[in-house]
Amino acid sequence: MNATAAGKIDLEKYGSLIALGTLFILAAIIGRPYFLQIENLVNVMRQASYAGIIALGMTLVIISGGIDLSVGAMAAFVASCGVLFMNWILQASGGNETLAIAGGIVVMAMIGLLAGALNGLLITLGKIVPFIVTLGTMSIFRYVSLQMANAGEFASHSQNFGELGMAKLFSLDIGVGVLSLPLPVATLFVLATILGFVLDNTRYGRYLCAVGSNARVAQYSAVRVGSVRFWAYAINGLVVAASAVLLAARFNTVSTPNFGLGFELDAIAAVIIGGTAMSGGRGSIWGTVVGVFMLQIIQNMLNMAGLSPYLQGVVKGVVIIASVYIQRQKQ
Amino acid sequence: MKKVLVAFLVLTMVASLGFAQATKVYKVGVSMPSATHGWMANANWWATRAKTDWEKRDKNVQIELKFSGNVNQQVSDIEDLLVKKVDAIVVFPHDTSVTSVVEKAFNQGVYVVVLDRGVSKEGIYDIYITNDDEAYTRKGMEWLAKQMSFKGNLLLISGTPCPIDTIRTDTIKEVVKKYPNITLLDVQPGDWNRQKSLSVMENYLQKYKAIDAVYTADDDMMLGAMQAYKESGRKDIKFFLGGGCLKDVIKGIMDDSNPLVKADVTYSPSVIATSISYAVIGVRGEKLNPNIYQVRALPRRIILPSELVTKANAKDFYVPEAPF
């Protein structure tokens, strides 16, 4: 009896990992001979990480029973302010790159936190539905950025910031290719570890699930529902800022009409594939990480196989629906 | 027996080496935005046509097309093409964010052709090709001013806010400034979208009681704006001008079937096909014409002309098999 129960739990816990493994093998076959090349695998991880980092924050928001549509536009806004501030420090300090980058990152983190907090306040104090609030702030963040840049670009004047975007924590030539760990991928894993710990092992994490699954019951159990939900959005803002820093550094420029465009949809898709319930109350950070990589592997595999990009979008849609369908069956 | 086998093996190897050299296959990767509006749909069609034509003409040319919905996807596409070891790459950027990945491609020795919106760094491409944005609206606006007898009220519907759109709009304003009797009433973005342009025009019609001409940043939006005008039942507007030469608009000019639309300006979507051809020729180290005295086989910067299309020359620009 115990054994079967354990088996069931294992299947539930590792089901998404098994799916990822199966997909990986499928990708190796369909995308041969390119998919398994080390360079490609590193590319896949890095390509997945920008929207992937945002998906981590989105997981908390969705577990709390909400949604954040503003993340892509928020990333553009945060990055625009950050690059402007960085350029200003560079000029004011006579070209002190380290100071400029450090200052830029701090400013981006603060603005991200504030932007997320704005969403959180409007939702909790303002008592407006999250979908509406973030639909509104999505437009606000995007168009304030466009206004600031006159719809153009903010180019960073710091050479080192651009190098930071391409930075690798280590790089090892293993004969068949160069194995490396790009900074955004490392950031994804570090943030996933922290947020995973917060969600699974802290009081805040338990409250978050309680609020998402039934806010009224949580309230009667003396959980401060408003504050719990507020912090989900604020943390999400901070996480968005991390992604914005990395992406801005990668391009070393912020193109206001395009920066972070469509990230909200990619992030939500990854969260859903990762097994987090859209209605809130239940979910997992590492599930989201699996979802992030699954989406990117599918895209990379089809790209390598030379499938028409329009059909790639179709496959992506089918996978999202199918994975939710399978998870529904399981319940 | 062994000797024969060895000899046979050596022979096959030499033969295959020779064979491989004689038929070096050139792989060309193309990355461009997907069809979000009529003009880009035509550009996608031209890319597909260039691929089909080249692959039919020469089996040693392989062209792989990647259409992307946003710039992040585009960077991924280019990285994927580099993993596939393309010999040449043609990049029609969403915006200059692709600069670092284009630089990476160039430094890996890939032959790089960049289009239109370009990259933000010099010396990281082999060829840059673009349509002439400045002339695009300068020629259009000069023609329109003349039609208006250099006086009257003009409305403008611009595209999606971006650097190219700014160049075009600024040029129009500059030309208008030369003619004090022409008043530019308003400029609103229509996002290169027919529906958006239709609603912008509806608002214009409510707001402005006397309009002489409407200039939209492309034909898609011109059709939307004209729809709004027709529905309003008003009779004051005498001229509509778009740009980019959608085939229905060119057909109309050719047949003189619409008194409101008498001209168009080219901003050829075939620029992508031209670029693919340059990439193939360039990566093979060939010349356009052996009689040209140039140090470099192909020019570094190519600017395709924007031409005024009227009834007189419309048939030269009519491509009936294009989608739009």
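The legends below describe a predicted model.

**View 1. The two domains of chain B.** Chain B is divided into domain 1, which covers 23-131 together with 269-303, and domain 2, which covers 133-265. The C-alpha centres of domain 1 of chain B and domain 2 of chain B are 32 Å apart, and the contact between these domains takes nine residues from domain 1 and seven residues from domain 2.

**View 2. The area buried between the domains.** When domain 1 of chain B and domain 2 of chain B are considered together, they bury about 550 Å² between them, and 53% of this area is on carbon and sulfur atoms. On the side of domain 1, B:His37, B:Trp39 and B:Asn131 lose the most area to domain 2 of chain B, and together they make up 52% of what that side buries.

**View 3. The side of domain 1 that touches domain 2.** Helix 2 (38-57) and strand 5 (127-131) of chain B each supply at least two residues of this side, and the largest share, three residues, comes from helix 2 of chain B. Sorted by class, the side of domain 1 of chain B that touches domain 2 has two nonpolar, five polar and two charged residues.

Notes. Residues numbered from 1 in each chain as written. Chains lettered and ligands numbered in written order. Predicted model: local features only at pLDDT ≥ 70, side-chain atom pairs only at ≥ 80, totals over all residues. Heavy atoms only, no water. Domains from an automatic or database assignment. Contact = heavy atoms within 4.5 Å. Buried area = accessible area lost by both parts, 1.4 Å probe. Helix = DSSP H or I, 4+ residues; strand = E, 2+ residues; numbered from the N terminus. Nonpolar A, V, L, I, M, F, W, Y, C, P; charged D, E, K, R; others polar.
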